[in-house]
Amino acid sequence: MTTPTNSGGADPLSAPEKKTDPVSGATPGAKTEKIDDVDQSSSNDELVNPPDFKGEVETNNDIPSPQALKAIENYTVFDHAGKTHPFKSLYSGHNVARRMLVIFVRHFFCGNCQEYLRTLASSITPEALLGLPVSTFIAVVGCGSHELIDTYVKETGCPFPVYADPTRRLYQELGMVRTFSLGLRPAYLQNKTVAHTVVSGIVQGLKQVKTGLVTKMGDQRQVGGEFLFEPASRTLETPISSPLPDVPGQSVAVEEKCVTWCHRMRTTRDHAEIPELMEILGLDGDGKPTRDLKRWRKALTARKGTGLSMASQMGRMSVDTVKTAVAPEADV
């Protein structure tokens with residue numbers, strides 16, 4: 001992978017070297033700070049990406065190992081009501097879709113991420129996902145306070161569940177980094193300018209002054225990414241015949257999941273584009289075109305993530321189903 005340089009031509013690795021696990025994102029000797037009275041493991045990523053670094057941050061799209069996922073599966077996320085859930089419950093369980101795309105967004109006042117979810121919702125709907133041959137759904141995780149989730153959902157119109165990780169531990173352990181760099185303008189921003197997204201975030205913050213939540217939006221430098229969780233067996237046939245009710249004290253076999261595709265943002269506007277998400281999810285078409293047709297055409301061919309999802313298997317299964325349905329008619 002070519003090492004990115006900043007706008008001034010300086011090599012970002014000229015900063016003091018810091019050893020970081022490329023999969024977990026963990027940093028030896030990390031500090032601990034508190035956000036909303038919750039302990040947060042804080043990596044000194046300024047050593048790799050100093051505050052004045054203006055280029056793309058140093059990261060990769062390595063698939064998290066089973067060991068890395070095991071280490072964070074019980075990390076806590078909050079729903080809109082403040083109820084805690086282990087991270088694993090978002091993508092694994094007997095009442096959870098077999099395929100789950102977990103989208104990590106930035107802080108809850110980020111206009112770029114809000115526009116991303118609006119654009120995503122116009123092309124990828126819950127109804128479209130229900131039409132796939134293997135149960136598939138989406139969950140969103142932000143790094144601010146859970147108290148802002150309801151406002152966030154109202155602002156974005158996001159049809160998928162949103163959770164909060166105010167500690168940012170999931171971001172760090174999954175290798176997501178921090179930066180203020182805008183990067184190239186993506187297609188999903190529609191016709192929104194930088195000024196529009198910034199002002200939008202400021203206005204939303206001002207509305208929360210009276211509630212005391214204006215400072216609980218989350219780390220403004222934290223960027224996110226997208227992780228697709230699928231059955232570790234990589235088989236289309238479900239090992240569970242039907243959803244089962246929760247029975248206290250009774251253990252139920254749960255299908256193991258792994259990450260088969262992922263993308264980590266390198267700038268604050270570097271989410272994977274909608275056509276790429278539709279491709280790895282196995283949805284037909286390219287999505288609803290944005291007004292910026294030039295960038296949209298680029299988004300149709302550019303790919304940011306790494307991995308191989310079950311979409312190709314699902315496509316073959318759909319073709320076989322059609323052939324089986326047509327065959328009897330051909331014999332008549």
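Two strands pair if DSSP finds at least two bridges between them, where strands (E, at least two residues) and helices (H or I, at least four) are DSSP runs numbered from the N terminus. The model is predicted: local features need pLDDT of at least 70, side-chain atom pairs count only at pLDDT 80 or more, and totals for chains, interfaces and linings use all residues. Residues are numbered from 1 along each chain as its sequence is written, and side-chain values use heavy atoms, with hydrogens and water left out.

Begin by selecting strand β6, residues 136-142. Six of the seven residues in β6 are buried, that is, under 20% relative accessible area with a 1.4 Å probe, protein chains only.

Tyrosine 163 in β7 is the bridge partner of valine 141. Follow the chain from β6 through helix α4 (residues 149-156) to β7: this β-α-β crossover is right-handed, meaning that, with the strands pointing away from the viewer, the path from the first strand over the helix to the second runs clockwise.

Valine 102 stands opposite alanine 139 of β6.

Then display the largest nonpolar core, which has 40 residues; such a core is a set of buried Ala, Val, Leu, Ile, Met, Phe, Trp, Tyr and Cys residues joined through side-chain atoms within 4.5 Å. Leu101, Ile124, Ile138 and Leu281 have the most contacts inside this core. Helix α7 (274-281) is among the elements that give two or more residues to it, and α7 gives the most, with five.

Terms used:
Buried means under 20% relative accessible area, exposed over 50%, partly exposed in between (1.4 Å probe, protein chains only).
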